Amino acid sequence: MSSAQIQVILSSPQSFAGLIGQTLSTDNATRKSAEDLYSSLRKQRPDACATNLLQLLRTSSEVVVRSTCAVFLRKVVKSGAKEAGWEQLSKSTQAVVKRELLAALAAEVDRNAAKQVAAVVIELGEQVMDEAPAAASAKRGGRKKGPAQPKCGWPELLAGLQSWLQGAGVSAVTREAALKVVAGLALELRAWAAQLAPVITACLAPPVDLAVQVAALAAVSAFLEVLRKPAELRPYQAALAGGLVSLQAALAAGNTDVAEELLVVLVQTAEREPALWQPHVRTAVPGMLALAGPAAGPGGGALPDDLRKLAAEFVLTLVDIKPQMVQSEMGAGPLAAQLVSCLAHFLTSGVEDDPAWGDDPMAYPDMDDDETLGELHRHGLECATRAADALDSGAVLRAVVDMTGAWAADASDWRRRHAVMMCLSQVVGSVKDVVGPAELASLAGLLVGALADPHPRVRWAACHSLGVLCGELGPGLQLAPGGGGGAMLGALAGLLAEPEGPACPQRLKATACRALVGFLEGLDAEPEEAAEAPAAAAAAPALSEEQRKAAAAALVAPHLQPLAGPLLAAVDRCAAGEGGSLAGGRALVPTPTQEFSVDVLCRLACALGSAFGPLYPVAMPRVLAVLGRCAAFHGPTATAAGAVTEDEATAIVRVQVGALECAVFMARAAGAAAATEHLPALAQLLGALCRPDIASSSPLLVPLLAAVEPLAACLGPAVAPVLPTVLPLLAQWAARDVGLESLEDSDDEEAEDADGEDGAAADGAADADVDDDDDDDDGSEEFRDDSDVAFVSYGGADYRCVASVAAAKAAAASALEELVERMGPAVAPQAPALAEALAACLLDYPLEDVAGPARAAAPKLLRAYLGALGAGGLPPSEPAASPAAAQALLLRLWQAVTAVLNFEAVAAPAAGAEGAAGAGAGGLGPLLALPGGLKRPTPTSATRADMAELLAAMVDCVEGSMLQQQWVADAFAALQAATRAAALEANVEQFAGADSDDEEEEDGDKGMDGSEDVDEESERSEEESEEEAGETPAAARERLRNQVAACVSAFSRKYGDAVAALAQQVLAAAQPDQQAAALLSVRGGVVA
């Protein structure tokens, strides 16, 4: 902009006002030109720009112009990295701005414009309030004064605020704006907070304007955020009561918008200083719960949902942060009763009475898919969980049970009966610690009664709650004395047997089947899982696992036939394609009732065991028919072709999984004799399911791999016909890389990527292409899905891996172990493939659920295979029958074990003498290589101890002539390396402990307020966490020493004096005291 243009704009107030007016033009070209001119003017003549904006702000009669001037002024005074802002103005202009801004704030009559001026004052105050006044900074010397006064770079603002807040004749607009300034500058005004407290509190008293009261409460909240000392906060305690009075006034005036603003700020105060509310709890909490209730609005109706949720949120915020304070003031029982009742009204109000609710047989029995459960209902469920987590468990349980009993008897409104069932399901997980036998009987009675309710929505809620409670409280709830479990089963069986109709639609039957699954899964819980629910211990504390299974079977058996009829009928309809009977592949889509009927049969087989036998002959063909109908279905292909939607494909895959699991678990329950009849058909279906291109993300993969276990457990060696179908898939996923990667390395790579973002775009694109190609080669593309990541802690470090691959590999390893265990010598023809798969699993030692089964299976495989080989059990034509095959099999396992034991030498780079020697010792380096240049974690002493134990077991399994001299030498070198690594680990821990002791001594005098107790507590917590985590590092090292000695003994028994020298070297290396003394001498600066 030329100086002539600037002169024209600044020549008169009218010219400048015209420029500002043009910035508000609706014509884009005019507005853009004016904005550019104003921007140039602000940069070249900031003082003139500021004074002209102030003059126009004071003189314009147009509200929009005054507001615009305030917005522009805020940008003029705002200092930032690119603009000097306030600092670029001259001292004289700064004085004018300070004075005129306050005058403009006092004179403004429009509320919105006043808020904009207040924003300018706040922006400027943040910069100048902490400055020392010029007159004060000029003083030097003189007598010593009293305590230093707080700095204030804008004393006129303080005076103005005091005048506007308590002076007579001040308009509501000015007072509200002043309070907004106080709230915005709370941090800068904290030195005057005590003086301002009574003034602000007075602004909360009627008949002050409601908008002023909102601003006053916001100022209180702002001070609560910046003040810390109780003496500073206490003056504002009275203001909290004033906020409640303001809320009552707003509601009485019917001003729900202001009431909502007040509630938002009241919740903020509860979050920031909940303890300050203690004197007001007995007034505030009941009052808020009444507002959240169903009759606080005009004419005895409910307030708007947003207000009700905010009122409940205020109470829950206090309860979340200060539960003991609220319960001590209100009483735990009365508080729980009032809060639960309030939230149950949320659940009641949030349910829509849709007559068509039960019309869709494809509706999935899940709350998330039920559109008639509104936002208020879902919010009430969330709040119920929060309340149950924070309050006294016993009080909450009593309140919920009492209210459930009372509302369940209310025939006037089904929503109330529905609400208490849903509330019960939501809180039981938080209060199960206090559920005893009496409560179990009461809960069972309530559920049985609700299952017979005349309204289908109440019965649906009862089914939902029954499934949840059986999972949380099982097996205690099911097996509790008094027959509650049998009554629940009978009620569910009766519901399924009812004719389909308005009182019992398919949607309800599907939920009943799902409840049965929960009931039976709770019965089938493992002992350690059941122990987590104190109710189980309270109901049947003396039951062993076998007794529990027997009790479960006795409970379920009388109901098997009543359940079988409707379940098998649903399975028949599924096999006939009578689900979503649409064209093409959609005929495969089952209804939820059909889907869950298959799941129920599976769980019945698990719970009943051999008692399921009578149902097996009629159930198995039907389930195989379902599996046969959908076995060939491939979701990605069908979806890509448009034959089914993604949701429909997911439903079909769920049936594939359910039918497969049902078939194999029914076979296990029925026994080998009965299962053998259907084995050919099952093997054929498994062949259709075992696609080599199945993705790790497929829900079918893990169940498919795991299906081998129950079949092997049932059939033993007779499972052999299935192996050609499933073993390739097991081997494929057992050998799959899980993509284990250190989080520290990953973070470093991300940091490097972030640092390189400013590089050339073309180079970045080229690098990305290269990376993509590499990812495709090594399979690590699965890391791109952040939802498919599992985290693993190993050796004191954190790692991540592909969760779906890790789960599949664990399932494969477990299945391989079961096959080896159950098949015995019959596994010999498949032994080479099994050994290859087990060796791959052994190298994933950070994943115990992968390596553990492999360690257990390896010696069993060797015994079975070598036994069959020695007994001539393999035909000469069998590839596994040759001595060379036996040597290769043994070598593969031997190398995997010794590579882990001698990790440092094997993993060392080939460069350098030591590395070359390590690599040349056995050529094992490629075994430990990972795709993409990733590195395996250094094995811990616990891992090496496990491997030493496995090595000893392998030595005991084989004839001495099978072990070549170099293999034995490599094994002893590995044992010696493992011993050295353990000693080094111990010394590192000792040094770290000594250093921390020195630091504690140096810092010992710093904490004089009970820090020693804190240290003792932290030490105890560390010890407890170590105990919970299992074996300590010291115990692992001791176990390693013992296993090394046992392994040396195994070699000595087999080879005698031939390995004496090697044994002596290993045992000499296992003298940690000598090594520790040598290394400790280095610490004093002396090289040992």
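Colleague: Which residues touch the most other members of the largest nonpolar core?

Modeller: Please note that this is a predicted model. The largest nonpolar core has 356 residues, and Phe612 and Phe1051 touch the most other members.

Colleague: Which helix gives the most to this core?

Modeller: Helix H35, spanning residues 646–670, gives the most, with 14 residues.

Colleague: And what does Phe612 touch?

Modeller: Leaving aside residues up to four places away in sequence, Phe612 touches Leu560, Leu601, Leu604, Ala605, Ala619, Met666 and Ala669.

Colleague: Let us turn to helix packing. At what angle do H6 and H9 pack?

Modeller: Helix H6 (residues 91–107) and helix H9 (residues 155–166) pack at an angle of about 10 degrees, and their axes are 10 Å apart. The two helices are therefore roughly parallel to each other.

Colleague: Which residues make the contact?

Modeller: H6 contributes Leu102, Leu105 and Ala106, while H9 contributes Glu156, Leu157 and Trp164. Of the residues in this contact, 5 are nonpolar, none is polar and 1 is charged.

Colleague: Now the cysteines. How many disulfides does the structure hold?

Modeller: The structure holds 0 disulfides.

Colleague: Is Cys342 buried or exposed?

Modeller: Cys342 is buried, because its relative accessible area is 3%.

Colleague: What about Cys152: buried or exposed?

Modeller: Cys152 has 7% relative accessibility and therefore counts as buried.

Conventions
Residues are numbered from 1 along each chain as its sequence is written. This is a predicted model: local features need pLDDT of at least 70, side-chain atom pairs count only at pLDDT 80 or more; totals for chains, interfaces and linings use all residues. Side-chain values use heavy atoms; hydrogens and water are left out. Axes are lines fitted to C-alpha atoms, for helices over the stretch in contact, and angles run from 0 to 180 degrees between N-to-C directions. Helices (H or I, at least four residues) and strands (E, at least two) are DSSP runs, numbered from the N terminus. Angles under 35 degrees count as roughly parallel, over 145 as roughly antiparallel, 65 to 115 as roughly perpendicular and the rest as oblique. Contact means heavy atoms within 4.5 Å. Ala, Val, Leu, Ile, Met, Phe, Trp, Tyr, Cys and Pro count as nonpolar, Asp, Glu, Lys and Arg as charged, and the others, Gly among them, as polar. A nonpolar core is a set of buried Ala, Val, Leu, Ile, Met, Phe, Trp, Tyr and Cys residues joined through side-chain atoms within 4.5 Å. Buried means under 20% relative accessible area, exposed over 50%, partly exposed in between (1.4 Å probe, protein chains only). A disulfide is a pair of cysteine sulfur atoms within 2.5 Å.
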